[in-house]
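The structure comes first, and the description follows.

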Amino acid sequence: MSVLVDNIGELFTAGPDGILTDAALVADGDTIAWIGPAAQAPAADHRLDAAGRAVIPGFVDSHAHLVFAGDRTAEFAARMSGEPYTGGGIRTTVAATRAAPDVELFATTARLTAEMLRQGTTTWEIKSGYGLTVADELRSLRIAGEFTDETTFLGAHTLPSGADPDAYVALVCGDMLDACAPHAKWIDVFCERGAFDADQARQVLTAGAKAGLGLRVHANQLSEGPGVALAVELGAASADHCTHLSWNDIEALADGDTVATLLPGVEFSTRSPYPPARRLIGAGASIALATDCNPGSSYTSSMAFCIALAVREMGMTPAEAVTAATAGGAKALRRTDIGALMPGTRADLVVLDAPSHAHLAYRPGVPLIKAVMRAGAVRTE
Ligand code: NIG
Ligand code: FE
């Protein structure tokens, strides 16, 4: 089955074609088959009339923690009154997640992925990390795998209460990794004071790479530290957060192959300063935007909200922010088949209820998703 999308006001490809006007697009099955001048559009089985609206790629949310139970509203409220975010609340969610039946965790993950799709996200990564036992991490990854191929083992999210640090790192690198690796594409570690230091993070990442997993790092979220340098040194696909960066970190990201994934929902929700996006862009680093959707530091599933924050608070242009939320996320997942509109990529796109991609920041908080196509299947509001 093929679909012609025409009458497009602005086609924001996030790819080599840049922004096109008077363009049309044909999806054949789950793939984009053709992009070109509207006047030359080939026939198709169905037509999606964009009515002068903007069309952008589906968002790629490359960082999310969706398998959890419980609620941390009180912690959020305390932060808004001035309490700092320390990451200590992770253990609250671990306790609630361990106590929850499979069906509850499955339902929460289903609810959040549906929420994402409704808001124009067509690819999402999902991490474990609220189980922290072999059985609970495995359970989280099994559930995550029902919703995405982009599954990430985050056994090294924090030290479980009462655990011995060396023994826990050995467990993560040993039995837990053995059980989880078959269900994960990636391994991640929270490298931070109060979580895992550089040596421990290196052990976890090295063991994960040996097991065939790609690398990601929660790096430099709460303070300058070794996370970014380690991520670049080990060839991680992404260093996530990048809130507190030294010039050396920025240069390493610019010279290396690691994407800086910025998560401004976290800065919003923790009242932290925002990451230095302009300095990263100026140095030539690759940038992605993602939600970090989780019940503690950033309980939003809205990529549009992250784009608005990136523009308003981080000085990114709307085009830079939308590109980071699409092509940037794809790069952070080392994917070339998603994130940009061009022949051969997966037919994942969003028709905005707006004439330009810039409205995602210009009209913050307004639901601007008119239609979403995911792998060629259309859902309209
Ligand atoms: O990406 N920083 C570590 N992990 C999550 C927060 C998890 C939580 O607070 O529950 C993050 O911000
Ligand atoms: Fe995270």
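Predicted model: local features only at pLDDT ≥ 70, side-chain atom pairs only at ≥ 80, totals over all residues.

Residues are numbered from 1 along each chain as its sequence is written, and chains are lettered from A and ligands numbered from 1 in the order in which they are written.

The axes, lines fitted to C-alpha atoms over the stretch in contact, with angles from 0 to 180 degrees between N-to-C directions, cross at roughly 140 degrees and come within 9 Å. In H11, Met-303, Cys-306, Ile-307, Ala-310 and Val-311 meet Pro-318, Ala-321, Val-322, Ala-324 and Ala-325 of H12, where contact requires C-beta atoms, placed from the backbone, within 7 Å.

Helices (H or I, at least four residues) and strands (E, at least two) are DSSP runs, numbered from the N terminus. Seven strands form an open, parallel sheet in the order E10-E11-E12-E13-E14-E15-E16, and pairing requires at least two DSSP bridges between two strands. Strands E10 and E16 stand at the edges with a single partner strand each, so one side of each is left without a neighbour in the sheet. Helix H6 packs on this sheet, and its direction makes about 180 degrees with that of E12.

| Element touching the sheet or touched | Residues |
|---|---|
| Helix H6 | 198-210 |
| Strand E11 | 151-156 |
| Strand E12 | 186-191 |
| Strand E13 | 214-219 |

Technical notes. Contact = placed C-beta atoms within 7 Å.
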